[in-house]
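Please have the sequence and the model open side by side while reading.

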Amino acid sequence: NQGNLKGGFVNNTGATLTNFANSSNLSTFKNLGVVKSATNTGTLANLTNAGSLANLSNTKTIGTLANTGSLANATNSGTITSLDNTKNIGDFTNANGGTITNQVINKGSITSFTNQGNLKGGFVNNT
């Protein structure tokens with residue numbers, strides 16, 4: 001996506017998407033299937049993963065990142081307003097220059113959470 005995708009994007013159950021890239025404005029990205037790689041270098045209001053997402057890279061802005069599926073690897077060097085996990089995250093890195101504004105809420109499983117950036121709201125582990 002290099003334009004304004006106001007209605008959002010849904011990768012449905014049973015569907016496989018090899019690569020998704022957003023460099024502009026996207027209201028919602030919802031994954032119910034399999035995504036091998038997702039890259040955000042623009043503005044993404046809501047990202048919901050209820051399927052399987054192998055790799056996520058954010059270098060600009062994600063409003064809400066909600067994971068209720070399987071997220072293998074994620075790197076943030078931009079800004080994420082809210083991060084909620086209720087299922088499985090493998091390795092999550094908030095890299096140097098990355099900011100997570102609100103409290104990170106984990107009610108699932110995170111194998112590794114590395115913070116080299118700014119974790120403004122702290123981290124709550126409620127498993």
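Asn106 counts as buried at 2% relative accessibility, where buried means under 20% relative accessible area, exposed over 50% and partly exposed in between, with a 1.4 Å probe and protein chains only. The model is predicted, so local features need pLDDT of at least 70 and side-chain atom pairs count only at pLDDT 80 or more, whereas totals for chains, interfaces and linings use all residues. Residues are numbered from 1 along each chain as its sequence is written, and side-chain values use heavy atoms, with hydrogens and water left out. Asn106 is found in strand β14 (residues 104–106), strands being DSSP runs of E with at least two residues, and helices runs of H or I with at least four, numbered from the N terminus. The side chain of Asn106 makes a polar contact with the side chain of Asn125 at 2.6 Å, and the Asn106 side chain also reaches the backbone nitrogen of Gly108 at 3.1 Å. A polar contact here is a pair of N or O atoms within 3.5 Å; within protein, one must be able to donate a hydrogen and the other to accept it, and residues adjacent in sequence count only if both atoms are side-chain atoms.

A further asparagine, Asn94, lies in strand β12 and counts as buried at 0% relative accessibility. Not counting residues up to four places away in sequence, Asn94 touches Asn76, Thr99, Ile100, Thr114, Asn115, Gln116, Gly117, Asn118 and Leu119, a contact meaning heavy atoms within 4.5 Å. Asn94 and Asn118 are 24 residues apart in sequence, and their C-alpha atoms are 7.8 Å apart in space.

What does the largest nonpolar core contain? This core has 20 residues, and those with the most contacts inside it are Phe29, Leu47, Leu56, Leu65 and Phe92. Each of the strands β5 (25–31), β6 (34–40), β7 (43–49), β8 (52–58), β9 (61–67), β10 (70–76), β11 (79–85) and β12 (88–94) supplies at least two residues of the core. A nonpolar core is defined as a set of buried Ala, Val, Leu, Ile, Met, Phe, Trp, Tyr and Cys residues joined through side-chain atoms within 4.5 Å. Phe92 is buried at 2% relative accessibility, and its contacts, not counting residues up to four places away in sequence, include Leu65, Ile80, Leu83, Ile100 and Phe113.

The whole structure holds five aromatic pairs, in which rings of Phe, Tyr and Trp (its six-membered ring) have centres within 6.5 Å, with planes under 30 degrees apart counted as stacked, over 60 as edge-to-face and the rest as tilted. In one of them, the rings of Phe9 and Phe20 have centres 5.0 Å apart and planes at 40 degrees, so this pair is tilted. Because Phe9 lies in strand β2 (residues 9–11) and Phe20 in strand β4 (residues 20–22), the pair ties together parts that are eleven residues apart in sequence. Phe9 is partly exposed, with a relative accessible area of 25%, whereas Phe20 is buried, with 9%. The rings of Phe92 and Phe113 have centres 5.3 Å apart and planes at 5 degrees, so that pair is stacked. Ring pairs also link Phe9, Phe20 and Phe29 into a cluster.

Finally, the protein chain has zero helices and 17 strands, and of its 127 residues 35% count as buried. Along its principal axes the C-alpha trace spans about 30 × 25 × 20 Å.
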